[in-house]
Amino acid sequence: AAQLRAALQQKLPEYMVPSAFVPLAALPLSTSGKVDKKALPAPESATAKDTYVAPRTPVEEMLVAIWSEVLGVERVGTGDNFFELGGHSLVATQLVSRLRSTFGVELSLQDFFEHATVAELAARLAAAGPDQSVLPPVVSTPPADHLPLTHAQRAYWSPERMGPDSPLNLVVRAMRFSGELDVDALERSLQELVRRHESLRTTFPTVDGEPVQKVLPRLELPLSEVDLGHLAPAEREEAALRHLRQEAWRPLDLERGPLLRTGLLRLGEQEHILLLVLHHAVTDLVSEQVMMRELGALYEAFSRSQTSPLPEPALQYRDFTRWQLERLRGEELERLRQWWSQKLEGISPALELPYDRARPAQGTLRCAWHELVVPGSVWSELRGLSRREGATPFILLLTALQTMLARVSGRSDVLVGFAHANRPRPELDAVVGMMANLLMVRGELSGDPTFLELLKRVRAAYLEAFAHQELPHAELMKLLNGTPHQGPPYPVGMSYSEEEEEQEALVAGLTTRPVPLELELTISDLSLHFRETPEGLAVSIEYRTELFEAATVEALGDYLRVLMECVAADPRQRLESLPVPPVGVRAKREVAS
């Protein structure tokens with residue numbers, strides 16, 4: 001169907017290209033030998049299954065199986081488009097890793113944009129052949145008394161992070177349980193998590209003046225309980241939130257550990273809140289997801305007096321440590337360093353944003369949030385635009401954000417940073433530990449391009465940056481710090497979640513849901529978090545209260561929404577023809593300086 005449609009688009013105007021195709025063994029004929037139009041099946045009878053094309057080669061069969069598993073789609077055809085099935089750059093990264101290990105061929109993220117169907121990607125694999133640059137597998141290695149820090153862990157000893165004891169380095173998660181909670185089973189489940197994953201038993205003592213990783217052979221993790229059931233309902237909720245925030249701010253001892261703190265609040269017979277506080281040196285977002293899945297499976301079993309259903313981990317963080325440090329050194333590290341040095345040459349991370357106050361010499365990094373929603377109709381148009389242009393929603397949002405920053409600051413050269421998983425081998429997917437890295441995309445908006453032209457530029461810049469994603473965070477900071485400026489290494493950050501907000505889940509008779517809890521600290525001046533919801537695209541703008549007034553950030557959010565509405569209506573508009581920023585969000589140069 002895709003090939004038919006593409007061929008017809010070369011011959012017919014867009015409105016005449018059929019939206020559906022119905023395959024027939026033969027045309028029905030009348031008694032006079034003419035086509036019996038009344039006997040033709042209606043086009044609307046053709047459903048998605050009619051366009052399904054089964055895999056024809058062993059390579060296509062393997063690709064279909066991998067896509068189905070990673071995308072969570074029951075049936076994938078060889079003509080199905082990766083992005084139309086819900087794929088995005090993060091999933092593409094996982095697929096690159098899977099294909100690398102399955103076929104022994106090195107593919108880039110660019111390949112997923114240029115060969116977006118199973119059939120096209122299979123042809124690309126056949127043309128590529130084996131590649132000597134395939135990353136070696138991560139293998140199990142013997143324990144050691146201590147190991148050096150990985151590149152990701154070293155980032156948390158940098159001055160930008162305010163030192164290893166800063167609350168900025170803590171990861172806080174709170175879960176509310178409704179139902180009859182088996183506290184013993186929960187405590188046993190947490191203890192089993194600590195036993196399974198060495199990262200949760202890791203400390204960072206100093207040896208010869210340098211911090212090292214040291215794994216404790218055993219760690220008892222008592223579950224401290226606080227009973228708030230005697231309070232009135234309104235006071236109970238307020239006291240719970242106050243207690244959670246106090247615990248979230250309490251530092252963890254890197255040298256002695258443990259770097260995981262747990263607590264349980266009892267609000268009533270059927271209401272509890274579990275608090276987990278970890279240091280970022282031992283965890284990241286993917287690790288949190290692994291731990292939450294395992295915690296649910298373990299509690300399900302232990303609450304029913306069953307044994308653990310989980311197999312022993314095939315790898316530990318020590319295996320990743322040795323694998324990364326062996327590979328990212330010498331020529332490979334220098335190659336990445338030179339590429340980023342060239343890419344960042346001449347750019348200052350500082351931006352003239354609509355600051356309301358001058359930057360303090362020593363700030364507290366306190367932050368607040370402003371929430372807004374881009375209507376579902378607008379977001380639907382923008383998602384469709386990203387698919388048509390071979391981009392992803394993340395790249396489209398990055399383009400919109402860089403457009404806003406250019407219009408507000410008056411600069412045509414802007415830098416946006418964001419975290420990414422940095423797990424280039426599939427065997428690392430279930431390992432708990434800090435592997436995430438920083439990625440930056442430089443936006444070049446000169447020449448008054450249309451939004452479509454800029455989208456292509458940003459896509460190319462993103463793919464290039466991703467192809468060089470492994471340069472350690474600390475090395476990237478060294479390159480950026482070569483440009484004198486005040487403030488954070490990148491003033492604006494972003495994140496995007498294609499999934500809706502976590503829904504309630506049922507685990508062994510318990511209804512669980514997350515409890516929103518923030519540390520109210522930020523390292524960036526502005527950070528925009530985009531998340532899909534049934535109502536549209538939710539945008540949370542995190543901002544430093546030392547620099548911005550709430551009204552300024554609200555106006556900034558309104559301006560971003562206006563820009564996105566204009567782009568959705570006509571993406572061929574040139575940047576200079578887009579609405580001018582209102583006075584409230586124009587750069588206040590005298591304040592910024």
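# A tour of the predicted model

Start at helix α12. Its buried residues are Val378, Trp379, Leu382, Arg383, Gly384, Leu385 and Ser386. The helix covers residues 376–388, 13 residues in all. From first C-alpha to last it reaches 18 Å, close to the 18 Å expected at 1.5 Å a residue.

Now zoom out. This is a predicted model. Color the protein chain by pLDDT: the average is 85, and 88% of the residues score at least 70. Select residues 44–50, where the pLDDT is below 50. Beyond near neighbours in sequence, that stretch has 4 contacts in the model.

Switch to a cartoon view. The protein chain holds 17 helices and 16 strands. Of its 593 residues, 50% count as buried. Take the contacts between residues at least 6 apart in sequence: 75% of them join residues at least 24 apart.

**Stop 1: the salt bridges**

Go back to Arg383. Which residue forms a salt bridge with Arg383? Select Glu532: the closest N and O atoms are 2.5 Å apart. Glu532 lies in strand β15 (residues 526–533) and Arg383 in helix α12, so the pair ties together parts that are 149 residues apart in sequence. Both Glu532 and Arg383 are buried.

Next, select Glu294 and Arg196. Their side chains meet in a salt bridge, 3.1 Å from N to O. Glu294 sits in helix α9 (residues 285–302) and Arg196 in helix α7 (residues 183–196), so this pair links parts that are 98 residues apart in sequence. Both Glu294 and Arg196 are buried.

Then pick Arg425 and Glu427. They form a salt bridge too, with the closest N and O atoms 2.9 Å apart. Arg425 is buried, at 7% relative accessible area. Glu427 is partly exposed, at 24%. Now select Glu334, Arg337, Glu475 and Lys478, which salt bridges with shared partners join into one network. A search of the whole structure finds 38 salt bridges.

**Stop 2: the loop between β10 and β11**

Select Ala436, in the loop between β10 and β11. Is Ala436 buried or exposed? With a relative accessible area of 18%, it falls under the 20% cut-off, so Ala436 is buried. Show its contacts. Leaving aside neighbours within four places in sequence, Ala436 touches Ala152, Asp284, His420, Ala421 and Asn422.

Asn422 is buried, with a relative accessible area of 7%.

**Stop 3: backbone checks**

Most residues other than glycine have a negative phi, and most peptide bonds are trans. Look at Asn422 again: its phi is near 55°, a positive value. Move to Asp448, in the loop between β11 and α14 (451–467). Asp448 also has a positive phi, of about 50°. At 26% relative accessibility, Asp448 is partly exposed.

Now select Gly257 and Pro258. The peptide bond between them is cis, with omega near -10°. Pro258 lies in the loop between α8 (233–249) and β7 (260–268).

**Stop 4: a patch on the surface**

Finish with Val22, Leu24, Leu27, Leu29, Val35 and Leu40. Together they make a nonpolar surface patch of about 490 Å². Center on Leu27, in the loop between α1 (2–9) and α2 (58–71). Leu27 counts as exposed, at 54% relative accessibility.

Notes. Residues numbered from 1 in each chain as written. Predicted model: local features only at pLDDT ≥ 70, side-chain atom pairs only at ≥ 80, totals over all residues. Heavy atoms only, no water. Helix = DSSP H or I, 4+ residues; strand = E, 2+ residues; numbered from the N terminus. Expected span 1.5 Å × (residues − 1). Buried < 20%, exposed > 50% of the residue type's maximum accessible area, 1.4 Å probe, protein only. Patch = residues over 30% accessible without salt bridge, like charges linked within 9 Å, V, L, I, M, F, W, Y side chains within 5 Å. Areas by Shrake-Rupley, 256 points an atom, 1.4 Å probe, with all protein chains shown as cover. Salt bridge = Lys/Arg side-chain N within 4 Å of Asp/Glu carboxyl O. Contact = heavy atoms within 4.5 Å. pLDDT = per-residue confidence, 0-100.
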